[in-house]
Amino acid sequence: SVSSIVPESCLLIVVGLLVGGLIKGVGEKPPILKSDIFFLFLLPPIILDAGYFLPLRPFTENLGTILIFAVVGTLWNAFFLGGLMYAVCQLGGPGLNHIGLLANLLFGSIISAVDPVAVLAVFEEIHINELLHILVFGESLLNDAVTVVLYHLFEEFASFEQVTILDIILGFLSFFVVSLGGVLVGVIYGVIAAFTSRFTSHIRVIEPLFVFLYSYMAYLSAELFHLSGIMALIAAGVVMRPYVEANISHKSHTTIKYFLKMWSSVSETLIFIFLGVSTVAGHHYWNWTFVISTLFFCLIARVLGVLVLTWFINKFRIVKLTPKDQFIIAYGGLRGAIAFSLGYLLDYKHFGMRDMFLTAIITVIFFTVFVQGMTIRPLVDLLAVKKKQETKRSINEEIHTQFLDHLLTGIEDICGHYGHHHWKDKLNRFNKKYVKKCLIAGERSKEPQLIAFYHKMEMKQAIELVESGGIGKIPSAVSTVSIQNINPQTLPLERVLPALSKDKEEEIRKILRTNLQKTRQRLRSYNRHTLVADPYEEAWNQMLLRRQKARQLEQKMNNYLTVPAHRVDSPTMSRARIGSDPLAYEPKEDSENLPIITIDPASPQSPESVDLMSDEPKGCSGLPPSPEEDEEGLVMRVKEPSSPGTDDVFTPGTSDSPSNQRMLRCLSDPGPRPEPEEGEPFIPKGQ
């Protein structure tokens, strides 16, 4: 129940304090965590475990954010803290006046870096989401180069009588040498380890040894030349893993995995226990002003650095970092044993205040590990920060991931934009074409990534079935690929592809060359400020507008001629409309050729009872209108029934002449006119 509230690292420090007190109580001198033991034997297993099993995709996708936090954030913390502590020393009285600016900057560089061991110990227990975990943990891994450079730089400057501008420029350049040099050393040893594993098929027992040996050699080689050993270990683990796992057996893979986990866990336990023992055994010099100021300014520098850098980073990120994320990143800046070991390495000759520095460092470590480490879990629950979801990867997810990668690469290629998807695709093509053939043995060098992932999933499923006692279900539950992985058989012969003649192949190539678009030569990167005006663009636009207007006019005419008539009103509604305004239906003086509809409002005669009305107007038949017709207006006649045997559709009647049809259409179609509003007459006056 205690371990669910208190992190394991805190409990181990408490155990170390008890052991140190017990040793001191019996009159013996407790052992102190020496820096050589820490950097040479305890730290490498933890970093190798983190680098070898690093989640590469989220790490590379967030590499820019991680680098900004690791480099700019650590520099800000170091100089901000060093400058303020120098001001505190100048104002803090006689006990602190002798501490100069360089010593305070050195102290700031030691205490400013986030510790990977402490972050791993705390963040793996709270199961934070993958984005926040990789941001804080990646920062703690990559800030090692900045810490190493600043530490050695200020240590060297402390022995100089005068620091020149050239020394500062060289110190700035040494950062690139230390970081990139460490990465280069790690890549070289990673490639050598992958190449060596290609030839170990007949001696499977020593395969795990090569992984540990070359990784440790990468770390020692980097430390030998004062390069970043942590960067070298991470680079070696990341580079060697995909090729080594393709070459070694499954048993060797299991050995590497569990041995690394056990080794890193033992090292982590020893580090925190030794921290507690060293706290009891070491020489301490307590100064309230210095220690409290250090703790306060550490928190202030971390919060300000995260807020300012996140404001800048969010301008370029698609997935923005929310205020909750910023709080967890700032609160997760834990300090640990690396700061203690670097402080322990200080020389009394140049830094007589080493004991006070160590006391302040231990205070900051205890505060971050105990207070922040114990309260970060309830804070994550209180803020409802997204937790890590344990989901198994599936073939479906892998297919869609690869599809989206190809799609985004194609979009960048069409736009002429060289984004990170483009360079990632180039790297994958180079890896598949050259590197895999050199570093992976046998047929697996040509195996597609999806098929390799499928084989791995099937092997894992088969092993889980065997371990759970479901061996009898294997033929029905596991596909044939699993059986082949458990009992490997001889590979079938490759399918023979039909050979093309040289002439046919050259003809196909010629067709492709002439017809395919050369996007790289034709398209440039899009920028609305640098677009060249097309001289024919205005003419094309005018032509398109004219065509559009002509099409709209034609559509209006078609609507005018083909829209069906309005629904006939009921007799009651018609009588009400006419009775409301009889004068609105007076005929025009010049409307001799138009049909006149005369309806008696009091007549019960309904228009629906008439089948067909003779709507031929006076004067349309070429004869003058008779007086009777003039008085009657429009004459309505009942349609005569057709004789039997005749077809109503195909037999033309008297009313089927073109002029009659045209008149019917004109009368039935009011045209594109808006609906009459309520209160207006049915037929406006004067029309």
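Reply: Start with the term. On a 1 Å grid over the protein atoms alone, a cavity is a set of points where a 1.4 Å probe fits but cannot get out; lining residues have an atom within 4 Å of a point. Grid points are joined across faces, edges and corners, and volume is the space filled by probe spheres set on the points. This is a predicted model: local features need pLDDT of at least 70, side-chain atom pairs need 80 or more, and totals for chains, interfaces and linings use all residues. Residues are numbered from 1 along each chain as its sequence is written, and side-chain values use heavy atoms, without hydrogens or water.

Me: How many cavities of 30 Å³ or more does a search of the whole structure find?

Reply: The search finds 4. Helices here are DSSP runs of H or I, at least four residues, numbered from the N terminus.

Me: Now packing. Which residues touch the most other members of the largest nonpolar core?

Reply: A nonpolar core joins buried Ala, Val, Leu, Ile, Met, Phe, Trp, Tyr and Cys through side-chain atoms within 4.5 Å. Buried means under 20% relative accessible area (1.4 Å probe, protein chains only). The largest core holds 121 residues, and F38, L43 and F290 touch the most other members. Helix α16 (residues 354–383) gives the most, 12 residues. Apart from this core lies another, of 5 residues, including Y243 and I440.

Me: And how do I read ring pairs?

Reply: Rings of Phe, Tyr and Trp (its six-membered ring) pair if their centres lie within 6.5 Å; planes under 30 degrees apart are stacked, over 60 edge-to-face, the rest tilted. The whole structure has 21 aromatic pairs. F210 and Y214 have centres 6.1 Å apart and planes at 20 degrees, so they are stacked. Both lie in helix α10 (residues 207–224), 4 residues apart. Y214 is buried, at 14% relative accessible area.

Me: Why do residues four places apart point the same way in an α-helix?

Reply: An α-helix has 3.6 residues a turn, so residues three or four places apart point the same way. F366 and F370 are also 4 residues apart, in helix α16. Their pair is tilted: 5.8 Å centre to centre, 55 degrees between the planes. Elsewhere, F107, F290 and F357 form one aromatic cluster.

Conventions: Buried means under 20% relative accessible area, exposed over 50%, partly exposed in between (1.4 Å probe, protein chains only). Helices (H or I, at least four residues) and strands (E, at least two) are DSSP runs, numbered from the N terminus. On a 1 Å grid over the protein atoms alone, a cavity is a set of points where a 1.4 Å probe fits but cannot get out, and a pocket is an open set with protein on both sides within 12 Å along at least five of seven lines; lining residues have an atom within 4 Å of a point.
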